[in-house]
Amino acid sequence: MTHSTMSLAASTHTLANGLTIVTLPRRTAPLGTFWIWYRVGGRNETPGITGISHWVEHMLFKGTEQFGKGEIFRSVTANGGMLNGFTWLDYTAYYETLPIDRIDLALRIESDRMVNARFDPAEFESERTVIIAEKQGSDNQPTTLLREEVTAAAFRAHPYGQGVIGYLSDLEAMQRDDLYSYYRMYYQPGNAVAVFAGDLEASDAVERIAAAFGDIPPGPPVPAVRTVEPQQYGERRVTVVRPAPSRVVQVVYKSPPASHPDTAALMVADAILSGGKSIGAGGGAGMGRSSRLYRRLVASGLVAAAGSSFGLTIDPYLFGLSATLKPESDSTQVEEILHAEIERLSTEPAPKDELERAQKQLRAQEAYATESAAGAASLLGALAMVSPGESAESFSSRVAAVTAEDIMEAAQRWLRPANRTVGWLIPEESGSTPHSSIPSSVLVPPAGYVPDAADLGLEHNMPVVRSTRLKNGLTVATLQPNPAASSRAVSVRLRVPGGSVVERAAHGVAAFTAAMLTRGSAGHTMDDIAEALDGLGASLATSAGREWTEIVGKSLREDAPVLLAYLADAVLRPDFPEDQIEIVRGQTLTNLRQAAQDTRAESERALRELLFPVGHPYRERITGTEASVGAMSREMLQEHHQAAIRPGGAIIAVAGGLTHDEAVAYVEAALSNWVGAAPEFDTAPPRAPERALREYRGLPGKVQADIAAGTIAVPRSHPDYYALNMANLIFGRLGLMGRLGESIRDRQGMAYYAYSSLESGLMLGTWSARAGVNPANVERAVETLREELRMFLEDGPTEREMADAVGNVTGSLPLGLETPDSVARVAADIVSFNLGDDYLQRFPSIVRGLTAAEITEVMARYIDPARLAIGIAGPPGDEAQNGWHNRQ
């Protein structure tokens, strides 16, 4: 060691070879997270090799001297962990989160791939098509193209203007040696920061990291980024014309680097404009309905959505604003309001209450984002990259010290008209009218998945559910002993039986009603509620699914009674104000039109229409249709609320820094006057397809096709659920997206994402597989899916796959109980599906009792490769080219 410094919470050490080590002991759970950050990203790239940092990141999962192809993902998931990597403008990072007695595996992986990544030529070529597929998927989104054009216009010289994913011509031309030379230059101890957070003392963590990395040579000097963006002397404007559902405006201003004294003031300014945001990868709560942009643009009904952003970077980057317009919106008026709100920051001091509200939001976001070890490590690592030497505590102190005068001065320096770039997305006129739809679920490819702890004594260490049923039928549930007892935050999850399946008035009334619950209640306007919650750094979010409606709340521990009081008002006394009904109507219609031009959403919609007959509640989109939303009335919402939002059978899960008795007392005080029996619903599952069904939907302006194939499965309570879930895990989730991902993505390089999922609810379940591919590869990808299914059904899982899968699902238990949000979700699921109070203790033995023969038999019972329903959405005309016709 050459030197050591200490902050309030994290210790920082530097090894002789230049590696910086940041450690943060977290003794709340038997796990640890290890991150390695490299100061290399889009900022370091030159013309001809744009996208190379991101491509190198992909290659580091392709094998090293110690870990062969696929072994990094397989080893981590089999040992009870999750992992991923990502690339940004200023850095590339990799992480593993594992049970603490397996954390040395992460150190072995990262020290090995710092110097011993293989860069096999065949793997390099295979990954080229994966990278290009990822870019095409991004290019399918017109707002992404707008952001790229605006950023490129804002930066005439600095490499920030090139972005991260790279230009297609560079991705097509780069060679293996380009990547390997780049890797050898930037992947070295002196250009890296290692961050550990978890259940080890700092000295123990540093000793282990030093043993793994200390003998690695320092490496050559890293080339400096010499280019400084020249001063901008006037507004720049760009226009993007593409098939798109809505006009979108983006306005950006050159802004200071993270280390600049003005950064803290601009972070607070961003919070004033659209609510406080979290730093790093931690999950902060959504805020901002009391913000200036929301009130001026969204609450007034002028636009469907509006926001602002300000990120922390090494060099000067961008402070941005954006708005998504409605069809009737006046473009000139919207842009003028955006400019006026920036001018207001420069000329008017922020009122004391508004400033304090913004600062509390940022303090709360930091608390929420660092509840997990991974969230804390992400924040520490990101700060170490962009502002070396500054601790999280000192940065927070800077934010807390910001004054109204600081904001005005920073805005005058940076947010000037001559320093801005304005971009407009203008929808291209098209003769085709795609189907309207919205995704019924969030389709996010797995990041690597999660995992085991066969020797951790989980059956004995796992908490049990403790529940108290109130007189009105509402059940209060917590986990005991409380996994998040030391948290500064509290999370609540109210789950009411009956979502879209109990709709009577119109399709989408459940989702519309849920959206209205926090938009005025008990005589308080939405502005009153937003101002109160934002002032606490708290949040309430509502949603309706197919089988239940949920309200999820989050606050700091001391504010839990106030949070529950506002939740109670939303549930018992919603006002359904007419002005807010019109705002929600406009936002929903905009979302429907956006989804109608999204290939993932349209492929999902096509699949659902193939699987469920007309009239079945699982067929329809949860948010309704343009016709049903357009006809929604206040009386319909009131009727649905009275019939469906009742305490009978409802569950409220509470997690965080409250005892069970405190949780019951707070809930009872807030909700004891809520009365009503649960609504009745009984939805029979349809029969699985008796033959292959398929449909292709052409969408203008798209360059990638999305595939959604599936069939009917089992509800969560079915005895076959556990075996089918394990089969799905092995087939399309484990490691790098299971066998399906290994074939379509890894071996054949056809797709950036390919995975399968099992969604099992109260009444029924569906199994599906998804992939995003070049339109020319649609038929090949579908046949690969069928062939992989046939092979699985013929041979079953291997011995290693069984061991890895068992390790994966049992090890995910402690990793899934680290934050109040996750604890509340787990408690709500256990009670909702009637799994038993000791479910977490019994679960490991359930999955260890499954056999390969049983898993194969159950999968064959429900999934037939020859009888899948398959929906495709992609460029128009490819349906004929690939033989995809309507509803065969």
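Is Ala 522 buried, partly exposed or exposed? With a relative accessible area of 32%, Ala 522 counts as partly exposed, because that value falls between the 20% and 50% cut-offs. Bear in mind that this is a predicted model.

**Salt bridges**

- Asp 204 pairs with Arg 208, with the closest N and O atoms 3.1 Å apart. Both sit in helix α8 (residues 202-213), four residues apart, or about one turn of the helix. Asp 204 is partly exposed at 27% relative accessibility, and Arg 208 is partly exposed at 27% too.
- Arg 861 is partly exposed, at 43% relative accessibility.
- Asp 559 and Lys 360 form a salt bridge at 3.3 Å, N to O. This one links distant parts of the chain, 199 residues apart: Asp 559 is in the loop between β19 (548-556) and α19 (560-572), while Lys 360 is in helix α12 (residues 352-369). Asp 559 is buried at 8% relative accessibility, and Lys 360 is buried at 16%.
- There's also a network of salt bridges, which ties together Lys 62, Lys 69, Glu 123, Glu 127, Arg 745 and Asp 746.

- Glu 818 lies in the loop between α28 (799-815) and α29 (820-832).
- Glu 818 is buried, yet it makes no salt bridge. The nearest side chain of opposite charge is Arg 26, 5.3 Å away; that pair doesn't count because the cut-off is 4 Å.
- What does the side chain of Glu 818 reach? It gets to the backbone nitrogen of Ala 373, at 2.4 Å.
- Leaving aside neighbours within four places in sequence, Glu 818 is in contact with Leu 31, Glu 371, Ser 372 and Ala 373.

- The largest nonpolar core has 89 residues, and the members touching the most others are Trp 37, Val 249, Val 268, Leu 312, Ile 407 and Leu 415. Helix α13 (residues 373-386) gives the most to this core, with eleven residues.
- A second, separate core of 66 residues includes Ala 705, Ala 771, Leu 785 and Ile 855.
- Not counting residues up to four places away in sequence, Val 249 touches a set that includes Leu 321, Leu 325, Val 334, Leu 338, Val 422 and Trp 424.
- In helix α30 (residues 839-848), Tyr 839, Leu 840, Phe 843, Pro 844 and Val 847 are buried. They cover an arc of only 145° around the axis, so they end up on the same side of α30.

- Gln 480 and Pro 481 are joined by a cis peptide bond, with omega about -5°. Pro 481 is in the loop between β14 (475-480) and β15 (489-497).
- Back to Ala 522: it has a positive phi of about 50° despite not being a glycine, and it is found in the loop between β16 (520-521) and β17 (524-525).
- Asn 834 isn't a glycine either, but has a positive phi of about 55°. Asn 834 lies in the loop between α29 and α30 and is exposed, at 69% relative accessibility.

How values were computed:
Residues numbered from 1 in each chain as written. Predicted model: local features only at pLDDT ≥ 70, side-chain atom pairs only at ≥ 80, totals over all residues. Heavy atoms only, no water. Helix = DSSP H or I, 4+ residues; strand = E, 2+ residues; numbered from the N terminus. Buried < 20%, exposed > 50% of the residue type's maximum accessible area, 1.4 Å probe, protein only. Lys, Arg positive; Asp, Glu negative; His and termini not counted. Polar contact = N/O pair within 3.5 Å; in protein donor to acceptor, adjacent residues only side chain to side chain. Contact = heavy atoms within 4.5 Å. Arc of directions from axis to C-beta. Core = buried A, V, L, I, M, F, W, Y, C linked by side-chain atoms within 4.5 Å.
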